[in-house]
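Subject: A structure for you to look at

Hello,

Here is the structure I promised to pass on. Please open it beside this email and follow along.

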Amino acid sequence: MSFAALVALSSSIAGAQTASPVIYAVIPDAAGQTITIEGSNFGSSQPRVMIDEIEVVVIASGQDHVVAQLPAAIVPGSYRIVVCKAPKYTVAAEFTATIGAVGPTGPQGPKGDAGNDGVNGATGATGPTGATGATGPTGPTGAIGATGATGPQGATGPQGPTGATGVQGATGATGAQGPTGATGARGPTGATGPEGSTGPTGLQGATGPTGAQGPIGPAGAAGSSVSITPIVAGDPHCPNGGTMFTLNGAASYACNGGPRTICPDGFERRGAICIETQDHLATFTEAADFCNQIGAHLPSAAEMRAAIYASPSTSGGFAGDWVADNVAADQALYVADPNALNPIASASIFDSNYARCLIRIE
């Protein structure tokens, strides 16, 4: 359905206030969905719009126009349009507009009374300077004036530029060759060139003859001697008897073990003896003291052989273990090669071999 507006210029001003809004016209769109209200002094902030006491949505606004959304169910007819100016919305303009089908044009009404002059607004700020206008056309040439009097002779002008060089003449015939000149003096020697890269390494020469044997070094300090004293059963240090070793006034003991029927922790049974499963790095004296402290003793040569032969598959673990008997000055016995026919050999008591303690059982 098409829509049009019959605009009756019957606006009235609500509120006598400077810069009050004024409605000039109300124009619906062709689809009947919005109206455009034209006028003045609507303000820079969005106003409120009422159609017959129903507030509608304002889509856009400016000082001289307001676009508002019509209600969906509006029917053709005359409506009271009110625009309330922001921010307090107490200053308003009213206008009666016909929205919907247009009837035949009525006769022109009488001219209304002239409205009162509005109060002059404040003077606006000076606008920016306009751009410079285009240059006007050149005026006509003026008339030639009368010839003036002859002036004094001017000074001599500067010399003119040199003329262009003429064309070169033809080359003359070659003259006879002159005699050879004397040899010039020898020039200075040039700088030394950079050093060349190193050549490949040559073949190694033959081994030289063995040098003469050096002199014999000075004799070492005299060693200390160990005295050995057998101990009979009943001694407070070795109740079951044993051996006392004295070195530099300090005594250590290799005691015979007491009667036992089982091996203690850390020992394994081999025949009638308990042999320690793990040996310990020590000198001979340290080994004897260690075994004495745990109630055991260093094995004799016979006991060591019995332990080795009782378990041939593990006999290699006895290499380096000290043996208690047959000790000479500063020398003691130890297991040199457990797999040899005679595994026992001698070494300095100050060497670091191993302590492997032994306990006899009943």
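Predicted model: local features only at pLDDT ≥ 70, side-chain atom pairs only at ≥ 80, totals over all residues.

Residues are numbered from 1 along each chain as its sequence is written, and side-chain values use heavy atoms, leaving out hydrogens and water.

**The whole protein**

The protein has 2 helices and 21 strands (DSSP runs numbered from the N terminus: H or I of at least four residues for helices, E of at least two for strands). Its 362 residues include 28% that count as buried, meaning under 20% relative accessible area with a 1.4 Å probe, protein chains only; over 50% is exposed, and in between is partly exposed.

**The cores**

A nonpolar core is a set of buried Ala, Val, Leu, Ile, Met, Phe, Trp, Tyr and Cys residues joined through side-chain atoms within 4.5 Å. The largest one has 24 residues, and those touching the most other members include Phe-245, Phe-284 and Trp-322. Strands β12 (242-247), β17 (322-328) and β18 (331-335) each supply at least two residues of this core, as does helix α1 (284-293). With 4 residues, α1 gives the most to this core. Another core lies apart from it, with 20 residues, among them Phe-42 and Ile-81.

**The aromatic rings**

Which residues form one aromatic cluster? They are Phe-245, Phe-284 and Trp-322. Rings of Phe, Tyr and Trp (its six-membered ring) pair if their centres lie within 6.5 Å; planes under 30 degrees apart are stacked, over 60 edge-to-face, and the rest tilted. By this rule there are 2 aromatic pairs.

The centres of Phe-245 and Phe-284 are 5.2 Å apart with planes at 85 degrees, so this pair is edge-to-face. It links strand β12 to helix α1, as the two residues are 39 apart in the chain. Phe-284 and Trp-322 are also edge-to-face, at 5.4 Å centre to centre and 85 degrees between the planes. Since Phe-284 is in α1 and Trp-322 in β17, this pair ties together parts 38 residues apart in sequence. Phe-284 is buried at 2% relative accessible area, and Trp-322 is buried at 0%.

Happy exploring!
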